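Please work through the questions below with the sequence and the model open beside you.

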Amino acid sequence: MKVLVAVKRVIDYNVKVRVKPDNTGVDLANVKMAMNPFCEIAVEEAVRLKEKGVASEIVVVSIGPKASQEQIRTALALGADRGIHVETDEEVQSLEAAKLLKAVVEKEEPKLVILGKQSIDSDNNQTGQMLAALTGMGQGTFASEVVVEGDKVNVTREIDGGLMTVALNLPAVVTTDLRLNEPRYASLPNIMKAKKKPLDNMSPADLGVDIAPRLSTLKVEAPASRQAGVKVADVAELVDKLKNEAKVI
Amino acid sequence: MSILVIAEHDNSSLKQATLNVVAAAKAIGGDIDVLVAGENCGAVAEAAAKAEGVNKVLVADNAAYGHFLGENLGELVAEVGKGYSHILAAAGTTGKDFMPRVAALLDVAQVSDIMRVESEDTFVRPIYAGNAIATVKSSDSIKVVTVRPTAFDPVAAEGGSASVEQVDVVKDAGLSSFVSEQKAESDRPDLASAGIVISGGRGMQNGDNFKMLEQVADLLGAAVGASRAAVDAGFVPNDMQVGQTGKIVAPQLYVAVGISGAIQHLAGMSDSKVIVAINKDEEAPIFQVADYGLVADLFEAVPQFEEELKKVL
């Protein structure tokens with residue numbers, strides 16, 4: 001079966017985020033960018049499904065500026081077979097991303113679509129569910145285990161206070177949580193090979209989707225900063241401060 | 001304006017998060033109705049009717065909603081909610097699951113995880129794991145919003161007297177079915193909602209040493225977390241990870257043991273009320289955010305911490 005994986009280019013998780021002085025957003029100039037960590041887990045899951053013989057082809061799609069091709073190449077180096085780049089320099093919000101992915105799903109007709117549960121920039125946690133609703137598919141969100149059996153997929157989901165397993169008819173959408181797997185690193189030979197794998201380029205207009213945003217960001221501010229506190233001399237003083245000064249124990 | 005709040009519950013009792021969401025609805029202003037969707041959830045509806053500020057409780061009681069499957073709830077809430085100006089739910093795993101489906105079915109954007117209401121169409125929410133705070137304005141006719149419960153003081157659970165009406169809308173999408181549920185076995189609280197969290201980092205050296213933290217956690221009624229470094233080193237499983245790519249926590253007390261304080265970790269815990277850092281490296285960045293820092297070898301300090309706590313608790 002064919003698996004479609006969506007990946008997003010975001011600020012690297014190890015980079016300190018700085019708000020622009022004019023409060024219009026976050027400073028991304030000359031900042032290291034990378035594949036969203038939850039998307040890495042999505043790619044890894046697809047590759048494991050292929051290694052198990054469940055998936056026959058992995059198509060990776062990314063929406064974003066030209067540089068998003070780096071993240072598509074990374075996914076190809078990890079084991080995806082071909083890439084689709086929906087290229088735009090405009091801001092694409094979750095609903096519009098879901099509409100673009102719906103158009104790709106209609107062309108590719110995958111049996112399974114795997115996405116990260118959220119991207120670590122906008123933290124919306126919406127696109128997978130919206131895609132599922134727009135395409136009339138079931139959804140296994142926040143997945144910690146994915147088992148394909150016949151024409152169904154059983155997805156174990158991380159929910160508040162435990163785990164819940166649902167059975168979904170295929171085709172279906174799965175969004176990944178941290179426990180699903182631990183992504184591998186791409187080997188150098190595979191990185192070289194990935195450069196030769198096919199990568200299609202298209203625009204939102206080619207897919208017939210209007211990506212005008214519905215939400216406008218009025219301002220972006222830095223959170224209230226913390227001040228360093230005091231150093232305590234020993235454990236006894238620490239416990240005393242926690243009990244009598246901070247009153248938290 | 002009219003606001004529909006989707007109740008969070010387990011079919012037998014109303015979760016407090018619902019009262020926090022009603023508080024967010026009050027901050028928007030207008031009539032507030034609460035939808036209780038579940039199976040044999042009459043007691044929940046009665047509890048919701050008593051909540052302060054609720055105008056009307058709508059009950060959709062059907063087996064299709066018994067396990068809160070996102071496909072079914074999405075269709076129900078889109079149908080019931082289309083006459084409202086706002087649809088609100090708690091940003092827990094249930095609300096995060098079905099609300100984007102509601103938004104997509106109504107062809108509107110969703111505003112996720114709001115911390116503050118600026119006006120009927122403008123909301124404040126964290127982005128970049130709380131490293132930046134965005135004020136966003138929605139131009140859609142229906143605002144679909146998930147609410148961070150801890151950011152709003154709950155309305156009173158008692159004192160209201162809303163009417164209760166049955167809703168005969170049965171939406172079974174037929175796309176998904178419930179298989180099983182496994183509640184967390186641990187007696188310790190859930191990491192994301194615990195009042196006290198004690199976390200270990202690479203300095204713990206191995207997974208066995210986390211038992212030291214577990215003993216302290218059990219004294220304090222705390223949850224145990226870990227830094228990404230500790231997870232990547234294989235000491236503990238991924239689900240214990242606190243940080244930008246793990247759980248975001250904001251407890252009353254956060255104790256960081258052997259954690260240097262990488263940016264990715266700080267992003268997940270810097271909203272904690274009181275932060276304690278125990279680390280032998282006095283230059284560790286964790287001390288820049290800690291209210292109380294102890295420069296010490298954790299293998300001496302943690303057992304002492306346990307002993308001292310036993311004296312005062």
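Q: Which residues line the largest cavity?
A: The model is a predicted one, in which local features need pLDDT of at least 70 and side-chain atom pairs count only at pLDDT 80 or more, whereas totals for chains, interfaces and linings use all residues. Residues are numbered from 1 along each chain as its sequence is written, chains are lettered from A and ligands numbered from 1 in the order in which they are written, and side-chain values use heavy atoms, with hydrogens and water left out. A cavity is a set of points, on a 1 Å grid over the protein atoms alone, where a 1.4 Å probe fits but cannot get out, and its lining residues have an atom within 4 Å of a point. By that rule the lining of the largest cavity consists of A:Gln139, A:Arg157, A:Val166, B:Phe68, B:Leu69, B:Gly70, B:Glu71 and B:Asp97.

Q: How many residues of the lining of the largest cavity are nonpolar, polar and charged?
A: Ala, Val, Leu, Ile, Met, Phe, Trp, Tyr, Cys and Pro count as nonpolar, Asp, Glu, Lys and Arg as charged, and the others, Gly among them, as polar. On this scheme the lining of the largest cavity divides into 3 nonpolar, 2 polar and 3 charged.

Q: What is the volume of the largest cavity?
A: A search of the whole structure finds 1 cavity of 30 Å³ or more. A volume here is the space filled by probe spheres set on the grid points, which are joined across faces, edges and corners. For the largest cavity this comes to about 40 Å³.

Q: Why is A:Ser68 classed as buried?
A: A:Ser68 is found in the loop between β4 (57-64) and α2 (69-78) of chain A, where helices (H or I, at least four residues) and strands (E, at least two) are DSSP runs, numbered from the N terminus. Leaving aside neighbours within four places in sequence, A:Ser68 is in contact (heavy atoms within 4.5 Å) with A:Arg9, A:Ser62, A:Ile63 and A:His85. Buried means under 20% relative accessible area, exposed over 50%, and partly exposed in between, with a 1.4 Å probe and protein chains only. A:Ser68 is classed as buried because its relative accessible area is 0%.

Q: What separates A:Arg48 and A:Glu44 along their helix?
A: The side chains of A:Arg48 and A:Glu44 meet in a salt bridge (2.6 Å, N to O), a term for a side-chain nitrogen of Lys or Arg within 4 Å of a carboxyl oxygen of Asp or Glu. A:Arg48 is partly exposed at 30% relative accessible area, whereas A:Glu44 is buried at 4%. Because they are 4 residues apart in helix α1 (residues 37-51) of chain A, the two are separated by about one helical turn.

Q: How many residues apart are A:Arg82 and A:Glu108?
A: The side chains of A:Arg82 and A:Glu108 meet in a salt bridge (2.6 Å, N to O). The pair links distant parts of the chain, with A:Arg82 in strand β5 (residues 82-87) and A:Glu108 in helix α3 of chain A, and they are 26 residues apart.

Note on methods. 1 Å grid on protein atoms, 1.4 Å probe; cavity = no way out; pocket = protein on both sides within 12 Å on 5 of 7 lines; lining within 4 Å.
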